[in-house]
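Look at the sequence and the 3D structure below.

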Amino acid sequence: MQKDTLLSRLAQAKTELLTLQDWLRFSAKLLAEADLFYGHGTDNAWDEAVQLVLWQAGIPWGKHEQVIAAKLIESERSALCEALTKRITERMPLPYITGQAYFAELPFEVSQDTLIPRSPFAELIENGFQPWLTQAPLSVLDLCTGSGCIGIAAALLFEEAEVDLSDISAPALVIAQRNIDRYQLGERVSAIESDLFAGLQGKRYDLIMSNPPYVDEGDLSTMPAEFQHEPALALGSGSDGLDFTRRLLHEARNYLTDEGVLIVEVGNSWNALENAFAEVPFTWIEFEHGGHGVFMLTAADLDMMGE
């Protein structure tokens, strides 16, 4: 869609469309015509339009049917036009426009300093990590935490656990700390700046979780334009996507308790990982609601690497 055409249609809409129903219909149609990529919280134009319009109108998710005929004021219509322009012309993912994303059915603040949550770790957390954990962990690390969503969701699940959220990115940790404060978890959840384990010396964890950078060069070069807005540091990891994970596997045992468990997401790089570490007994977790490339190793499994 040409930008001039888009701006003309938005100018007409701002004048002629008034109700929530009008803007839901128009936004969905506009998004559907724009050949966008959906994969940052929605998978279709209609759901994206609903999220965008409800956010701008200040209406909680699922409550719009009660106020479908309500009129938007001029400033709300103008802001919607600006958001639609950014989404379509810049291919900006919607959560970066709204500043919020959902993970494990919980809202989290996000920014372009963090990845947008979409990990299958959500299903693990919602299922209480069963059957992979035999008892609730008392010490948890969310490595490469970004917004902190995985670690914070785990902290809400394991109410007795001390949880560290670590990341190499100081700006990402600012967002993680805001999310810690949002859920009033400051007494037992900490945000720590660390390159892998460098800032965690002397610590041991019952559970280490990580959604690290794992995209290989091939996948990185063909990703839709929406992904170019996410921090490159959190996506790519060398030619085969395993630069970070190699370091992680070689060092993780020193930070696990003897009964500890390591769970890591490597996405499409799972096959390359198995080839690179043929001696490691990876357990690959299957997901009911989509997702792949997440492995589990126990401390005892990691001990085998040194034999």
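In which strand does serine 210 lie? Serine 210 belongs to strand S6, residues 205-210. Helices and strands here are DSSP runs numbered from the N terminus, with at least four residues (H or I) for a helix and at least two (E) for a strand. The model is a predicted one, in which local features need pLDDT of at least 70 and side-chain atom pairs count only at pLDDT 80 or more, while totals for chains, interfaces and linings use all residues. Residues are numbered from 1 along each chain as its sequence is written, and side-chain values use heavy atoms, with hydrogens and water left out.

Serine 210 counts as buried because its relative accessibility is 0%. Buried means under 20% relative accessible area, exposed over 50%, and partly exposed in between, using a 1.4 Å probe and protein chains only. Apart from neighbours within four places in sequence, the contacts of serine 210 (heavy atoms within 4.5 Å) include Phe121, Cys144, Phe244 and Ile263.

Strand S6 is part of an open sheet of 7 strands, in the order S5-S4-S3-S6-S7-S9-S8, with mixed pairing. Two strands pair if DSSP finds at least two bridges between them. At the edges are strand S5 (189-193) and strand S8 (283-284), each of which pairs on one side only. Further in, strand S7 (residues 256-265) runs antiparallel to strand S9 (residues 294-298), and 5 bridges join them. Across this pair, valine 261 stands opposite threonine 298 in S9.

Now turn to a helix. Arginine 247 is found in helix H10, residues 243-251. Is arginine 247 buried or partly exposed? Its relative accessibility is 36%, so arginine 247 counts as partly exposed. Leaving out residues up to four places away in sequence, arginine 247 touches Asp195 and Leu196. Leucine 196 is 51 residues from arginine 247 along the chain, yet their C-alpha atoms are separated by 8.1 Å.

What does the whole protein look like? It has 12 helices and 9 strands, and its C-alpha trace spans about 70 × 40 × 35 Å along the principal axes. The radius of gyration, taken over C-alpha atoms, is compared with a globule rule of 2.2 Å times the number of residues to the power 0.38. For 307 residues a compact globule would have a value near 19 Å, so the 21 Å of this protein agrees. Buried residues make up 52% of the 307. Of the contacts with a separation of 6 or more, 67% join residues 24 or more positions apart.
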